[in-house]
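Biologist: I am new to this structure and would like to learn how to read it, one feature at a time. Could we begin by looking at it together?

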Protein chains: 2
Amino acid sequence: MVPAPRAVVLLSGGMDSATCLGLSREAGFACHALSFGYGQRHAVELEAASRVAEALGVVEHRIVQIDLAAFGGSALTSGSDVPKNRSDAEIGTGIPTTYVPARNTIFLSYALAWAEVLDAHDVYIGVNALDFSGYPDCRPAFIAAFQAAARLGTRLTDLTIRVPLLHLTKAEIIVRGRALGVDFGMTRTCYDPGPEGAACGRCDACQLRLRAFAQLGLSDPAPYAER
Amino acid sequence: MVPAPRAVVLLSGGMDSATCLGLSREAGFACHALSFGYGQRHAVELEAASRVAEALGVVEHRIVQIDLAAFGGSALTSGSDVPKNRSDAEIGTGIPTTYVPARNTIFLSYALAWAEVLDAHDVYIGVNALDFSGYPDCRPAFIAAFQAAARLGTRLTDLTIRVPLLHLTKAEIIVRGRALGVDFGMTRTCYDPGPEGAACGRCDACQLRLRAFAQLGLSDPAPYAER
């Protein structure tokens with residue numbers, strides 16, 4: 001029997017990357033999940049990532065500690081306030097303070113390093129352009145450009161950065177994830193969870209997530225501090 | 001007086017990046033030097049980087065710890081042997097075991113993150129294609145592709161990755177560095193230094209360096225364990 005080809009799958013512990021991992025498994029890859037501790041306020045994400053990785057049957061799950069807070073520049077890695085209760089117009093406009101400079105570039109670079117060691121020719125990342133909330137490093141043009149750089153900068157001259165969620169709405173991601181058996185009760189999305197890990201329900205990420213479940217007439221199985 | 005524009009300069013502690021820093025200072029930039037502790041065997045590099053940064057008058061020097069050894073795949077970050085006394089033909093052929101997967105991609109990604117926080121529109125990296133010893137992530141096409149990705153993935157839509165050493169030989173780098181007042185006695189290049197920090201004189205990096213000084217009729221001012 002031919003062994004399954006390997007893929008490196010970026011896994012944050014949120015619902016997008018969990019669905020992305022489910023899709024990479026469905027596509028037949030032996031999945032090596034990669035998460036980062038990057039000084040984020042929501043470290044509860046990493047516990048969620050470990051639960052999701054185990055539930056979906058990855059070959060291996062690695063958590064790499066990196067210090068994005070060393071440079072500052074983001075509400076997610078500093079003591080400054082995460083914006084709450086923003087309107088649709090506000091969420092859809094400009095680059096928010098929760099943007100972490102070059103985060104996806106750094107994440108993809110580490111994924112690339114691991115892929116080269118594993119001789120994995122595929123890297124999955126769960127970005128999506130429809131709900132991307134203003135982050136330039138989630139745009140399709142960026143992903144394509146990074147793939148071009150990665151092919152030139154490594155032995156992996158046919159590396160593919162796979163973005164299966166790119167054109168899905170959050171509601172569509174939930175539908176796909178449920179069909180793949182992803183337990184969204186395990187996932188964590190909130191930018192500013194409480195001490196027990198409960199989601200705030202009011203940051204941009206929570207608002208987008210709760211609205212998507214509501215659109216489907218479903219209740220979000222993850223714990224919230226206030227609804 | 002208009003303040004000098006900022007640049008992030010990758011600084012390894014070797015002679016190439018020291019000369020690159022000298023050139024970025026000469027070009028009028030306020031330089032923010034960035035070094036990495038990445039599980040390399042030659043941590044003496046980082047002491048060299050700090051000496052060089054101070055001598056050349058940077059605004060700030062940061063050392064970010066990253067764990068490239070987590071993925072394995074390189075003689076530089078593992079217990080395996082660094083090749084010694086290789087012939088010119090061997091040095092010039094293929095990707096050597098001292099290649100660290102995706103290293104420059106990761107370094108440039110961190111530089112990009114810091115540049116975005118600083119609003120620096122220039123990043124310097126001291127790669128050179130002539131003596132590049134088989135590393136794919138030193139090639140001009142890779143640098144150009146990374147710049148394209150960086151412009152798309154950040155607010156820095158006019159970011160320039162500057163590679164002033166790209167077409168210089170090691171001997172030409174020494175000439176330029178000396179003219180800029182770089183003290184090469186402070187720099188460290190060796191892949192496998194002794195416990196006191198003395199260079200081995202026999203790895204690829206030492207051979208290329210020693211030959212360049214010899215071509216110029218100069219003595220390398222850095223300490224060597226054996227000559």
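Biologist: Which residue does Val9(B) stand opposite in β4(B)?

Modeller: Before that, note that this is a predicted model, in which local features need pLDDT of at least 70, side-chain atom pairs count only at pLDDT 80 or more, and totals for chains, interfaces and linings use all residues. Residues are numbered from 1 along each chain as its sequence is written, while chains are lettered from A and ligands numbered from 1 in the order in which they are written. In general, strands of a sheet pair through backbone hydrogen bonds, either parallel or antiparallel. Here Val9(B) stands opposite Tyr124(B), and strands β1 (residues 6-10) and β4 (residues 122-124) of chain B pair in the parallel sense over three bridges. Two strands pair if DSSP finds at least two bridges between them; helices (H or I, at least four residues) and strands (E, at least two) are DSSP runs, numbered from the N terminus.

Biologist: What is the order of the strands in the open sheet of chain B?

Modeller: The five strands run β3-β2-β1-β4-β5 with parallel pairing, and the edge strands, each pairing on one side only, are β3 (60-65) and β5 (160-162) of chain B. The twist averages 25° from one strand to the next, where angles run from 0 to 180 degrees between N-to-C directions and axes are lines fitted to C-alpha atoms, for helices over the stretch in contact.

Biologist: How are chain A and chain B related by rotation and shift?

Modeller: Two copies of a chain are related by a rotation about an axis and a shift along it. In this model a rotation of 180° with 0.0 Å of shift along its axis superposes chain A on chain B, with RMSD 0.0 Å, which is the relation of a two-fold axis. The superposition is by least squares on the C-alpha atoms of residues with pLDDT of at least 70 in both copies.

Biologist: How many residues of each chain are in contact with the other?

Modeller: Residues are in contact if their C-beta atoms, placed from the backbone, lie within 7 Å, and 37 residues of chain A are in contact with 37 residues of chain B. On the side of chain A that touches chain B, α4(A) gives the most, with ten residues.

Biologist: At what angle do α5(A) and α5(B) cross?

Modeller: The axes of these helices (residues 140-153 of each chain) come within 8 Å and cross at roughly 160°. That makes α5(A) roughly antiparallel to α5(B), a term for angles over 145 degrees.

Conventions
Parallel < 35°, antiparallel > 145°, perpendicular 65-115°, else oblique. Contact = placed C-beta atoms within 7 Å.
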